[in-house]
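Here is a short report for a first look at this structure. It covers disulfides, aromatic rings and the nonpolar core.

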Amino acid sequence: MSPSGMLKLCILMASFILEASAACNFYRDVKINFGDGRAKIDKSGQLLTLSLDKLSGSGFESEYEYIFGRFDMPIRLVPGNSAGTVTTFFLSSQGERHDEIDFEFLGNASGQPYTLHTNVYAQGKGNREQQFRLWFDPTAAFHTYSIVWNPRRIIFLVDGSPIRVFNNDEGAGIPFPKNQPMKVYCSLWNADDWATQGGRIKTDWTLAPFLASYRNFNPDACVWSASTGSSCASRSPDSVNTQAWQTQGLDAKGRNRMRWVQSKFMIYDYCNDSTRFNGRFPAECRRSRFL
């Protein structure tokens, strides 16, 4: 190879290294918010492990607030007997009338499946739970859990498969998270008063510490600044920087895939809980949730 060719190759390799380092670095992109040393980042900055023992759990939050985006988080959940533990990945603003978009993973006894719990809060009001079993072992390897949040809808995905959509139906008087910037939060904590079979199965502390791992945190999102607003505000609709998530919905294939997941693996839907709502279901339950 000629000297000029070798130089070009070195520059190309360096650019790949720089892009990879920019793509994910927990040291740069998050801060540990509780745990007293129980949350640990590996030397590469691309893997973060949370730990739970009888004294405390642990957690972290993103350095930045976001107003809309796509948030992918590969997670490997607590293996074995995880009863009583809750592993989380969610977006949230602050305050009494906060917005929130939740993935929570409720542990279970060995051999029993995890429960994936989802919820959406808008202006402080939640009570929009849907729960699922997963169609794989979430402790054997990393699987990617995603939140797409744009002005039109929120989409929950597991390994790219949509499992839930919450549409913006403000025209029908239904609150939707769109005005409050949110941070990304992740945590591992004890909730054995309710998490596993309604609290009947408690955490076995002889198995502690419990560990859950996160990697490759790389939000594709609009960063919010109190002084300058959204980092996406200057993008025109036809800008090359406009991202697919900004208008993302479900096509026919996506709708069919979500119907399959919900028919096979959904174990609770607030919109089907007539006892809870005494037959007076929330307004969004009377509208299509497959758009």
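Which cysteine forms a disulfide with C271? The partner is C285, with the two sulfur atoms 1.9 Å apart.

## About the model

This is a predicted model: local features need pLDDT of at least 70, side-chain atom pairs count only at pLDDT 80 or more, and totals for chains, interfaces and linings use all residues. Residues are numbered from 1 along each chain as its sequence is written, and side-chain values use heavy atoms, leaving out hydrogens and water.

## Disulfides

The structure has 2 disulfides (pairs of cysteine sulfur atoms within 2.5 Å). Counting bonded cysteines along the chain, the pattern is 1-2, 3-4.

The link of C271 and C285 is left-handed, with -75° about the S-S bond. It connects distant parts of the chain, 14 residues apart. C271 sits in the loop between β17 (266-269) and α4 (274-277), and C285 in the segment after α4. Helices (H or I, at least four residues) and strands (E, at least two) are DSSP runs, numbered from the N terminus. Both C271 and C285 are buried. Buried means under 20% relative accessible area, exposed over 50%, and partly exposed in between (1.4 Å probe, protein chains only).

The other disulfide joins C222 to C232, S to S 1.9 Å. This link is also left-handed, at -100° about the S-S bond. C222 lies in strand β15 (residues 220-225), and C232 in the loop between β16 (229-230) and α3 (252-265), so the pair ties together parts that are 10 residues apart in sequence. C222 and C232 are both buried.

## Aromatic pairs

A search of the whole structure finds 20 aromatic pairs. Rings of Phe, Tyr and Trp (its six-membered ring) pair if their centres lie within 6.5 Å; planes under 30 degrees apart count as stacked, over 60 as edge-to-face and the rest as tilted.

Y66 and F71 are one example. Their ring centres are 5.4 Å apart and their planes stand at 70°, so the pair is edge-to-face. Both residues are buried. W189 and W194 make a tilted pair, 6.3 Å centre to centre with 50° between the planes. W189 is partly exposed at 29% relative accessibility, and W194 is partly exposed at 32%. Ring pairs also join F89, F103, F105, Y145 and F156 into a cluster.

## Nonpolar core

A nonpolar core is a set of buried Ala, Val, Leu, Ile, Met, Phe, Trp, Tyr and Cys residues joined through side-chain atoms within 4.5 Å. The largest one holds 62 residues, and F89, F103 and W149 touch the most other members. Strand β5 (residues 65-76) gives the most to this core, with 6 residues.
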